[in-house]
Amino acid sequence: MTSRQRSSDFAGDLNSRAPRRRTVVKAAAATAVLAAPLAAALPARAAEAPAFLHGVASGDPLPDGILLWTRVTPGSQAIPGSGLGPDTEVSWTVAKDKAFTTIVAKGSTIATAATDHTVKADIRGLQPATDYWFRFSAGGTDSPVARTRTTPAADASVAGLRFGVVSCANWEAGYFSAYRHLAARNDLDAWLHLGDYIYEYKSGEYGTRGTVVRPHAPAGEILTLADYRTRHGRYKTDPDLQALHHKAPVVAIWDDHEFADNSWSGGAVNHTEGAEGAWTDRQTAAKQAYFEWMPVRPAIAGTTYRRLRFGKLADLALLDLRSFRSQQASTASGSVDDPDRTITGRAQLDWLKSGLKSSDTTWRLVGNSVMISPFAVGALSADLLKPLAKLLGLPQEGIAVNTDQWDGYTDDRRELLAHLRSNAIRNTVFLTGDIHMAWANDVPVDAGTYPLSPSAATEFVVTSMTSDNLDDIVKVPEGVVSAVASPIIRAANRHVHWVDTDRHGYGVLDITADRAQMDYYVLSDRTKPNATSSWARSYRTRSGTQTVERTYDPV
């Protein structure tokens with residue numbers, strides 16, 4: 001296992017590793033890797049006919065609009081990241097029915113190599129809380145037909161909402177069966193991706209228990225704009241991912257692996273300045289590729305923090321916890337309690353606080369890429385501390401904080417939780433990924449005195465879809481580590497109602513006026529393309545309580 005595997009998604013790395021030179025992957029190499037399979041996938045009738053090999057998608061729904069996305073391949077040479085291929089006219093059609101008998105919107109644009117032949121159409125003038133179907137066309141070829149849905153009107157009374165919730169989809173670690181099972185539900189208003197939609201590692205560096213289930217493209221670590229485009233393109237060929245994008249709109253934020261492991265505003269643990277170019281160039285390339293390849297409508301250019309509203313029932317604040325954060329705390333970079341260090345940046349924290357205070361919805365949801373609940377590991381026994389510390393990227397002699405999460409930025413967390421308490425802001429639910437485990441937490445104002453100290457909010461954390469979790473790192477059968485570690489973690493963290501350290505899966509969040517409930521689902525085997533899904537547990541927070549409780553049936 002490499003040092004970067006030990007740091008994992010959410011690690012609070014101490015930056016102690018010596019810089020290592022890595023090979024920059026050239027666009028030509030990416031072309032060589034993908035040209036043959038993509039050319040073979042083109043229609044047999046004409047090798048150079050346009051094709052929609054990466055599916056279609058929609059995202060960021062509004063009461064009157066939706067953002068549509070596709071990528072056209074105008075010819076065999078125009079693979080993602082190549083910079084090749086002619087300008088191609090792409091049209092879109094939106095209808096009220098799957099047969100396209102009642103068309104409500106049409107338009108066209110020119111797809112060019114400048115945006116990697118990706119296309120976005122921001123459709124407006126639609127009806128609220130309504131299903132629509134859409135497709136793209138180019139050169140006589142139609143894309144797959146997909147369903148999307150607008151949000152309720154801002155002042156609408158809404159009986160219920162249902163969202164799929166996922167994070168941490170590592171291509172090399174397994175198949176994306178979670179997407180397939182969510183797509184099969186046919187009951188989602190939207191689905192939330194809480195970060196690590198792609199991973200930046202070179203092939204073989206971060207698979208499943210050290211084994212590559214299916215190889216990345218490009219094979220090297222992604223560093224350039226061509227590299228990031230190629231990696232996004234490889235992900236978008238996954239049939240299960242395409243299936244979910246074809247069934248419901250996505251609402252996505254990024255975490256670190258859309259850039260590099262443990263990234264912050266000025267660098268990343270998995271970035272060697274100079275040998276891998278300048279961080280600013282790499283970050284710019286990663287952001288450009290992300291916005292080209294994702295149906296995300298940034299409210300502020302270059303960030304993913306924005307807010308969506310779902311009638312009077314809920315609003316959803318989406319955070320960007322990578323673009324503005326200070327470097328993770330270490331001996332060199334300062335204390336976790338340093339008030340000059342931030343995970344959100346001043347402007348984003350003020351925006352979040354203002355939105356939570358002014359919200360008039362029943363529920364205030366926060367799409368949050370790293371865990372906000374405090375997590376102490378000091379009470380763990382030595383035999384569990386070492387592998388847990390390895391997974392979390394902590395010093396293996398023991399430390400009671402994960403500095404890549406909100407634990408590493410305690411002043412921001414204190415300010416936010418104090419704001420919730422002092423303004424009597426109720427029903428705030430953090431929805432979180434990153435940590436490769438499933439959690440159901442109260443978010444205490446003071447974890448040291450909890451439960452005497454009140455809970456200011458609640459948090460539902462979904463496990464990874466495919467990325468290694470604790471049993472994978474220890475290399476023991478699923479469930480063995482969790483059976484021992486879970487009660488110990490809960491004893492040291494009394495605000496934690498449940499933690500599953502071992503299984504992979506996804507969540508389904510169901511919201512009514514009375515409660516917000518997360519149903520946790522697990523996969524039978526992430527390395528199998530036909531993996532089954534089963535319900536594991538459910539937790540809810542009832543309106544006005546700011547605490548989590550177990551419930552014994554999924555919605």
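## Close-up views of a predicted model

**Helix 6 and its surroundings.** In this predicted model, the buried residues of helix 6 pack against strand 2 (66-71), strand 5 (118-123), helix 4, strand 11 (250-252), strand 12 (263-264) and strand 13 (267-268). Helix 6 is mostly covered, with eleven of its 15 residues buried. The buried residues are Trp279, Arg282, Gln283, Ala285, Ala286, Lys287, Ala289, Tyr290, Phe291, Glu292 and Trp293. The end C-alpha atoms of helix 6 are 21 Å apart. That agrees with the 21 Å that 15 residues should span at 1.5 Å a residue.

**Helix 4 crosses helix 6.** Helix 4 covers residues 225-235, and helix 6 covers residues 279-293. Their axes come within 8 Å and cross at roughly 35 degrees. The crossing of helix 4 and helix 6 is right-handed. Helix 4 contributes Leu225, Tyr228, Arg229, His232 and Gly233 to the meeting. From helix 6 come Arg282, Ala285, Ala286, Gln288, Ala289, Tyr290, Glu292 and Trp293. The residues of this contact divide into seven nonpolar, three polar and three charged.

**The whole chain, for orientation.** The protein chain has 555 residues, and 62% of them count as buried. Its secondary structure comes to eleven helices and 24 strands. Take the contacts between residues at least 6 apart in sequence: 72% of them join residues at least 24 apart.

**Histidine 504 in a loop between two strands.** The loop with histidine 504 runs between strand 20 (496-500) and strand 21 (505-511). Histidine 504 counts as buried because its relative accessibility is 5%, under the 20% cut-off. The side chain of histidine 504 makes a polar contact of 3.0 Å with the side chain of aspartate 472. Another polar contact, of 3.3 Å, joins the side chains of histidine 504 and arginine 526. Residues up to four places away in sequence aside, histidine 504 touches Thr463, Ser464, Met465, Thr466, Ser467, Asp468 and Asn469, among others. Its contacts also include Asp472, Tyr521, Val522, Leu523 and Arg526.

**Aspartate 500 in strand 20.** Aspartate 500 is buried, with a relative accessible area of 6%. A polar atom of the aspartate 500 side chain lies 3.0 Å from the backbone nitrogen of aspartate 502. Leaving aside neighbours within four places in sequence, aspartate 500 is in contact with Met437, Ala438 and Ser482.

**A cis peptide bond at proline 218.** The peptide bond from alanine 217 to proline 218 is cis. Its omega is near -5 degrees. Proline 218 sits in the loop between strand 10 (190-193) and helix 4.

**A cis peptide bond at proline 451.** Here the cis bond joins tyrosine 450 and proline 451. Omega is about 15 degrees. The loop that holds proline 451 lies between strand 18 (438-444) and strand 19 (455-461).

**Aspartate 116, a residue with positive phi.** The phi of aspartate 116 is about 60 degrees, although this residue is not a glycine. Aspartate 116 is found in the loop between strand 4 (103-111) and strand 5. With 2% relative accessibility, aspartate 116 counts as buried.

**Glutamine 546, with a positive phi.** Glutamine 546 is not a glycine, yet its phi is about 60 degrees. The loop here runs between strand 23 (533-542) and strand 24 (549-551). Glutamine 546 counts as buried, at 11% relative accessibility.

In sequence, phenylalanine 375 and asparagine 402 are 27 residues apart. In space, they are 7.4 Å apart, C-alpha to C-alpha.

Key. Residues are numbered from 1 along each chain as its sequence is written. This is a predicted model: local features need pLDDT of at least 70, side-chain atom pairs count only at pLDDT 80 or more; totals for chains, interfaces and linings use all residues. Side-chain values use heavy atoms; hydrogens and water are left out. Axes are lines fitted to C-alpha atoms, for helices over the stretch in contact, and angles run from 0 to 180 degrees between N-to-C directions. Helices (H or I, at least four residues) and strands (E, at least two) are DSSP runs, numbered from the N terminus. A crossing is left-handed if the near helix is turned anticlockwise from the far one by less than a right angle, and right-handed if clockwise. Contact means heavy atoms within 4.5 Å. Ala, Val, Leu, Ile, Met, Phe, Trp, Tyr, Cys and Pro count as nonpolar, Asp, Glu, Lys and Arg as charged, and the others, Gly among them, as polar. The expected span of a helix is 1.5 Å times one less than its number of residues. Buried means under 20% relative accessible area, exposed over 50%, partly exposed in between (1.4 Å probe, protein chains only). A polar contact is a pair of N or O atoms within 3.5 Å; within protein, one must be able to donate a hydrogen and the other to accept it, and residues adjacent in sequence count only if both atoms are side-chain atoms.
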